[in-house]
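Subject: The structure you asked to see

Hello,

Here is the structure for you to open alongside this email. Have a look around first, and then read on for what turned up.

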Amino acid sequence: MESPHGEDDDLSPSPEAVRMLREMALREGEEPDLPDEQLRSNDQLQQDEMLALEAIYGDKIHIFDEKAGLRSFQIQVHCEIPDGISVCAESSQGVDDDDPSSKFLDNFSVEHLAPLSLTCLMPPSYPSHHPPYFTLGVQWLDNVKVSALCHMLDSIWAQQPGQEVIYEWVQWLQSSMLSHLGFDDRIVIRQLDDSMVGHVDVRVIEEILSVEDIVQHLISYNEEQCHESFIRGLHACMICFSEYTGVDFVKLPCQHYFCQRCMETYSRMHVNEGTVLQLVCPSDKCGCIIPPNLLKRLLGVADFERCERLMLQKALDSMADLVYCPRCGTACLEDEKKAQCSNCLFYFCTHCRDPCHIGRDCIILTPEEKLLTLQEREKVHRLSKGEVSMITTLANEIFSIREVLSSSVPCPRCGIDISRVSGCDHMHCKNCGKHFDYSLAKRNNVTALDFIEGAQKEPSVGLSVSVRQYPCPQCRKPHHKIGNNNHLVCAACQTRYCALCRKVVRKSSEHYGPRGCKQHTLDPEVAEAGTDNKDDSGSELSEMI
């Protein structure tokens with residue numbers, strides 16, 4: 001019976017090697033005429049040696065069926081290589097004599113070399129009179145060097161005739177083969193021309209492979225063996241510092257590895273927080289991107305789809321010529337500071353996000369100026385059945401902008417408004433990553449309510465501001481009306497009060513109305529100024545006519 005095959009293709013027996021051994025045994029002629037006692041002794045020694053080889057090499061040995069009473073087998077020999085050894089692929093064709101480096105195709109380091117195939121056949125006269133017949137196959141060596149190895153195995157038998165020698169052969173191939181060939185610090189792989197090939201031993205298994213194929217084979221084999229060694233070993237996670245076997249680790253393309261649980265938590269944390277651009281190797285100063293197939297395995301289908309959406313969104317946000325429609329949020333391409341939405345067909349200015357300006361340049365308003373503009377719109381609008389929803393939306397927008405700007409400060413780097421909910425003054429902008437002091441930034445910047453207070457003191461913002469002052473009923477701080485709005489907010493104590501009755505306003509809907517105060521009235525001096533301006537305009541128009 002044959003021993004079971006390993007999963008590796010390199011462990012499969014070579015029919016060519018077995019055929020060559022049979023032919024070699026036939027060419028040697030008849031075996032010497034030995035006494036039966038000697039034959040029985042040789043047979044027992046062969047049987048004991050086979051048992052020892054099976055116990056030592058395990059799945060690296062493959063035993064063939066006995067034919068004509070001859071034992072044969074094949075051993076995969078893994079040679080020991082020193083640390084840091086490199087492999088150089090050298091070509092003898094197209095070499096520039098003036099440039100010695102041109103003959104090297106590739107140079108790389110390996111931790112594992114593809115095994116040698118040593119196939120042996122034990123004749124009845126072994127070990128008393130004759131050595132085993134053998135063949136030797138090495139894919140990554142030229143035939144001249146493999147022939148030198150065959151001659152060395154013959155010399156080992158010559159030094160200890162009459163003894164079992166196969167174990168000595170394997171040990172020498174494992175430990176001393178590279179130094180015997182002169183490969184102490186670098187293994188040179190070359191493809192020889194016919195003129196460079198001398199006498200080749202008949203026991204060499206010739207495999208015609210190009211240098212490129214040999215290099216690819218060595219690299220693939222080294223990667224497979226490194227992965228298997230990693231899977232079998234114990235390793236410490238660099239995040240939680242716990243030890244697990246390699247099967248419980250995730251290995252990234254940068255060769256950093258972390259345990260499965262930490263990588264899943266790390267990946268889901270970035271997806272939940274929306275910081276998918278920071279979803280890279282957790283090792284310090286690495287920055288290697290985690291492959292999508294690995295992310296899908298760590299996150300699951302649902303979280304991976306959300307991660308892809310966030311990455312797409314971040315990529316779109318980084319495009320300089322891409323903007324979003326203010327109405328429906330569809331991505332649009334900017335063209336000369338203008339854009340048209342492909343979904344709702346809204347044609348807007350990319351600076352102020354308002355409808356596109358026809359025949360005039362865009363004037364970018366600050367948030368405070370937008371607040372005052374909205375208040376002015378509220379003054380000129382009249383409540384009617386068709387404008388109820390518009391007025392409600394406008395009022396909500398005014399209130400939202402007021403509340404946000406009164407309690408937020410702009411980021412010193414990107415200008416986005418940031419509010420502090422709780423905690424210390426140390427702030428971190430999620431938009432650009434800037435770290436700053438909240439209190440210092442608030443002292444150095446003007447909020448919306450500060451702007452309104454300054455506009456009340458200096459009536460030069462383009463809106464009608466009353467001359468008369470209306471003191472706050474709580475702190476007695478005087479304020480001016482802006483426009484015709486009687487609803488005032490004290491910049492000092494934040495009290496809301498009515499300019500007509502000087503009372504605190506709890507609910508605007510209950511205080512202002514048919515049975516209460518009017519929310520919008522003009523001061524007498526403002527009304528007279530408006531009448532004078534109208535008369536002057538009428539006089540000028542009459543003169544022009």
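Let me begin with cysteine 472, which is buried at a relative accessible area of 0% (buried means under 20% relative accessible area, exposed over 50%, partly exposed in between, with a 1.4 Å probe and protein chains only). Cysteine 120 is likewise buried, with a relative accessible area of 0%. As for disulfides, meaning a pair of cysteine sulfur atoms within 2.5 Å, searching the whole structure gives 0.

A word on how to read all this: the model is predicted, so local features need pLDDT of at least 70 and side-chain atom pairs count only at pLDDT 80 or more, while totals for chains, interfaces and linings use all residues. Residues are numbered from 1 along each chain as its sequence is written, and side-chain values use heavy atoms, leaving out hydrogens and water.

Now the sheet. Helices (H or I, at least four residues) and strands (E, at least two) are DSSP runs, numbered from the N terminus, and two strands pair if DSSP finds at least two bridges between them. An open sheet of 4 strands runs in the order β1-β2-β5-β6, with antiparallel pairing. Its edges are β1 (61-63) and β6 (133-137), each with a single partner strand, so one side of each has no neighbour in the sheet.

Strand β2 (residues 71-77) is joined to β1 by 3 bridges and to β5 by 7 bridges. Among the bridge partners, histidine 62 goes with glutamine 74, isoleucine 61 with isoleucine 75, and glutamine 76 with serine 117 of β5. In β2, 7 of the 7 residues are buried, so the strand is largely enclosed by the rest of the structure. Arg71, Phe73, Ile75 and Val77 cover one side, and Ser72, Gln74 and Gln76 the other, all of them buried.

Finally, a pair of helices. The axes of α2 (residues 36-57) and α4 (residues 166-175) come within 10 Å and cross at roughly 30°; axes are lines fitted to C-alpha atoms, for helices over the stretch in contact, with angles from 0 to 180 degrees between N-to-C directions. That makes α2 roughly parallel to α4 (under 35 degrees; over 145 is roughly antiparallel, 65 to 115 roughly perpendicular and the rest oblique). Contact (heavy atoms within 4.5 Å) is made by Glu49, Leu53, Ile56 and Tyr57 of α2 with Ile166, Tyr167, Val170, Gln171 and Gln174 of α4.

Best wishes
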